[in-house]
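Me: I have a structure to get to know. Can you walk me through it?
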Amino acid sequence: MLPVIGEIEPWAMPAVTELRRLPSHVPLVGFDRRSLDGTWQLELFERPDRVPAAALTGDRRRAVAAPVPGNWTMQDLGGFCDVPHYTNVPMPFPGPPPRLPDRNPTGVYRRSFTVPAAWTRRRTVLHVGGAESVHAVYVNGGFAGYGTDSRLPSEYDVSDLIEAGENDVAVVVVRYSAQSYVEDQDHWWMAGLHRSVWVESRPTVHIADLPIVSDYDPADGSGSVEATVRVEFGDAPLEGWTARVALTDAAGKRVGRDQELAVPHVFEAPYVFEGHRVTARWQLRRAEPWTAETPHRYTVTAELVDPSGRVVQTEEQHVGLRRVEVRDRRLLVNGQPIWIFGVNRHDHHPDRGKAVTVDDMRADLELMRAHNITAVRTSHYPNDSAFYDLCDELGMYVVDEANIESHAYNTSLCHDPTYRATWLERGTRMVERDRNHPSIIVWSLGNESGYGPHHDALAGWVRFVDPSRPVFYEGGTLHHGWVDGAAPANDLVCPMYPEVEAIRRYGDAAAGQRPLVMSEYSHAMGNSNGGLADYWDVITTTPGLQGGFIWEWKDHGLRQRLADGTTRLAYGGQFGDEPNDGNFVADGLVSADLEPHPAMREVAWVHRPVTVERARGGLKVTNRRSFTGLRDLRATWELIVDGEVAERGTLRMPQLAPRAGTVVALPCAVPNEGHDVVLHVRWVTRRDNWFAPAGHLVAWDECVLRRPRRWPRPPGRVMPSTVVDPSDLLVDQPRLNLWRAATDNDGFKLRPNLVRRRAWAGRALRGWLAAGLDRRPPDELVDHDVSVSADEHGTTYRHVVTAEIDDLPRVGVVLTLPGRFDRMRWFGRGPHENYPDRNRAAMLGVWEAPLDESPYLVPQEFGLRTDCRWFELLAGDEVLRIDAISGPLHVSATHHLPADLFDAPTATELRRRDEVVVCIDAAHRGVGTASCGPDLPVRYRLGAGRYDVAYRLSARAGVTPRPR
């Protein structure tokens, strides 16, 4: 039994949030600190009440080496079995709260550290950056404290427990606790010390906190800074101590006068005594404001000076001057509305789980900004302080979210008095730690935890302590409506996964006083994010709408070594974890290894900082930035005639103010020849940036100058070559194809009968399987007539398909070619994969690329190119060409039949054929976001009726490819 706390078992008591833990504060670095990161010794037990006291101080022969930061669920435990566990809504063990599972793995982390003798005369504090789920700390066998909230640091005064020289520290981590019921978030359940641990020596009298309040007045450009130095004295004499505080700009130049203030110590009127704290204030007539576009920062330096004049501690805090308001149905930063080009982000690494490094965080932010993402919601918990430091420095807007989600008990725990302290502790400690960060513009009270008095209590505390930021909580919107529901806990309307028309109606009605920012939308699971541009068409044209946070940034695949020595990126259930929610954890815009999925191009396009569209008199150019012009960008244009570049140049632009637009003349004449005539305008960076080198593409648009009134006949012989019979190149002749390997939005193929909280999730796949689309010959499912004719130009196929089945996956044909065809060239939308409801970022042109490989964790439909006029498969000098006869075609070329993709549960089990599989579609269903979002709009579905699939195949040899 663990000493001191063993009898009460606090991990099973929701009302016990801490024992002997020190108050939260802003990060301070002016102490003598020793990092304890590195290799610890870890001994595991089946449950916390089986941990003997000897495990805290005895020999470590039964222990295994374990990295800190790290998750023991991600390492070889020497025979002890404990694995990652993924659930979305259900708890990983039976309830109800606060019941815990019989098997509750508990780890005892141990290591030694050495301190000098001087430390024994000062205050020594042990810092645990993050432990999942709860932890108890022992030093030299003595109990130091107990802490909860796996995503915030806990600190303990161990002054009475340390000795000069070598000391032994043990941190007991319990995997599941009563607190787990409010950490029921859509990610892996892990275990261990996943953030840094250190020990530090503080002077007996020291700066204990340094909160800063800043402001910027956009009306006159002035600013203000108030820095409060809170001093802790311990048992030392109180008289004669001062705090010397200075403010400097980014160049290190002093701003205003340094201030030396006496720390209060007299208690003549204790009822008005506000504590041992002083506040330094500066008024700046001309301030450099902080925004995500212009992340200017100042530095507050505070020195604590003892009665003899000696500086005993120095602290620095970076501060940004900015004002955040909600006014007139707009979220304003420095008086200007901003677009929330946002994404939800979890901490995740495929090999280290929740133990992410500063380099990992920076890599995330670099890739985000390279795709025009400028805002992050820290779903669903506070991040390490280093993440906010980066956002302050680099320029990102942040919604900082408290570590509260009781999803499995969504509407009960927020009313349960035994969890009241949990709510308040988690939210208040987050604010106390993070309030100096200018990047944080909104506080979030948590996620999917119903709505009750705990939320209003927390919101009231936050508003009193920090009135400079709005408060945000989706549960209030969900349970009490969009107009004015749950106003005490919500300054914004922040729904999850609304339909496009729903946000349009809210904006047009002008019913509420609050702006709408979607907390989650456009669920990025697999081949997804269909309709993203439809959202932004409405957001940018409807008052009261300002954007949202896409779900989510990264797939949560975990690298798993298989019996044959190979590895795969695994999802829920593949570690034997039950219950689980399967591949619902793979719902990111990028892979676990940070490889962008094709939809990232659509994200970058809808978030682009400047837009160009056809307008009367030329081109309308709009600067979507809120604070800066476009001088850092260079614009070029290309005139594209039937896919080929006819002319190109630099677009001459006047200076364009933030949020302003202008019309410029067309840079070229519109030619008389050609059927498809479009103008492409691209914007690239002039200089190297923190997120990309000079020349990085940040915005692009296609302006239609002319479209054919009638579909043009395909040309005859289009290039010098030796004509061959196309059928001589085919492995399999064209045959009717109605089936696609279901995307995650079509349905969960791993569990096709699973119905999630939205009844339509999986509806499409269930209907297709019921109709037999996956196994029956398509000619048995629809009426199909085909005519074939040949001439010197090739072989023409005309398929007439009449379907009574509503909402088909596709209507087209499939053929196969030998594997030597390894490249493709096409005149259509590109260059990246695109689908009928996700092709606004794909521009019309002639493109060339190698054949696609599956980019998704779970194999599914991929690789389509829409609106193709022609499509060629290339093998050295050989070319098979597909010409559209009566309308644009959607074409893909891969090494997988739809059945191969549908049958494979993971990429490692996907069969890669030698031959090339070419799908030619006259119609293809949109991809949507129905796995966790609205059902696919009717306009992107394939209804019952007649479809014409018309194309010509021709083959040539002796062609020299002309890459775009």
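Me: How much accessible surface does the chain have, and what share belongs to carbon and sulfur atoms?
Reply: The accessible surface is about 35600 Å², and 49% of that belongs to carbon and sulfur atoms. Such areas come from the Shrake-Rupley method with a 1.4 Å probe, and for residues only the protein chains shown count as cover.

Me: Where do the numbers come from?
Reply: The model is predicted, so local features need pLDDT of at least 70 and side-chain atom pairs count only at pLDDT 80 or more, while totals for chains, interfaces and linings use all residues. Residues are numbered from 1 along each chain as its sequence is written, and side-chain values use heavy atoms, with hydrogens and water left out.

Me: How many helices and strands are there?
Reply: The chain has ten helices and 57 strands. These are DSSP runs numbered from the N terminus: helices are H or I with at least four residues, strands are E with at least two.

Me: What share of the residues is buried?
Reply: Of the 964 residues, 62% count as buried. Buried means under 20% relative accessible area, exposed means over 50%, and partly exposed is in between (1.4 Å probe, protein chains only).

Me: What about contacts between residues at least 6 apart in sequence?
Reply: Of those, 75% join residues at least 24 apart. A contact means heavy atoms within 4.5 Å.

Me: Charges next. How many positive and negative side chains?
Reply: There are 110 positive and 130 negative ones, and the centres of the two sets lie 4 Å apart. Lys and Arg count as positive, Asp and Glu as negative; His and the chain ends are not counted. Each charge is placed at NZ of Lys, CZ of Arg, CG of Asp or CD of Glu.

Me: How many aromatic pairs does a search of the whole structure find?
Reply: It finds 22. Rings of Phe, Tyr and Trp (its six-membered ring) pair if their centres lie within 6.5 Å; planes under 30 degrees apart are stacked, over 60 edge-to-face, and the rest tilted.

Me: Give me an example.
Reply: Trp 290 and Tyr 397 are an edge-to-face pair, 6.0 Å centre to centre with 75 degrees between the planes. Trp 290 lies in the loop between strands E22 (277-284) and E23 (298-305), and Tyr 397 in strand E30 (397-401), so the pair ties together parts 107 residues apart in sequence.

Me: Are Trp 290 and Tyr 397 buried or exposed?
Reply: Both are buried. Elsewhere, ring pairs link Phe 93, Tyr 176, Tyr 181, Trp 189 and Tyr 409 into a cluster.

Me: Which peptide bonds are cis?
Reply: One runs from Ser 379 to His 380, with omega near -10 degrees. Another joins Trp 551 and Glu 552, with omega about -10 degrees. His 380 is in the loop between strand E29 (375-377) and helix H2 (385-394).

Me: What is phi for Asp 642 and Asp 807?
Reply: Asp 642 is not a glycine, yet its phi is positive, about 50 degrees. Phi of Asp 807 is also positive, near 65 degrees.

Me: Buried or partly exposed?
Reply: Asp 642 is partly exposed at 26% relative accessibility, whereas Asp 807 is buried, with a relative accessible area of 4%. The loop holding Asp 642 runs between strands E40 (633-641) and E41 (644-650); Asp 807 lies between strands E48 (794-803) and E49 (810-817).
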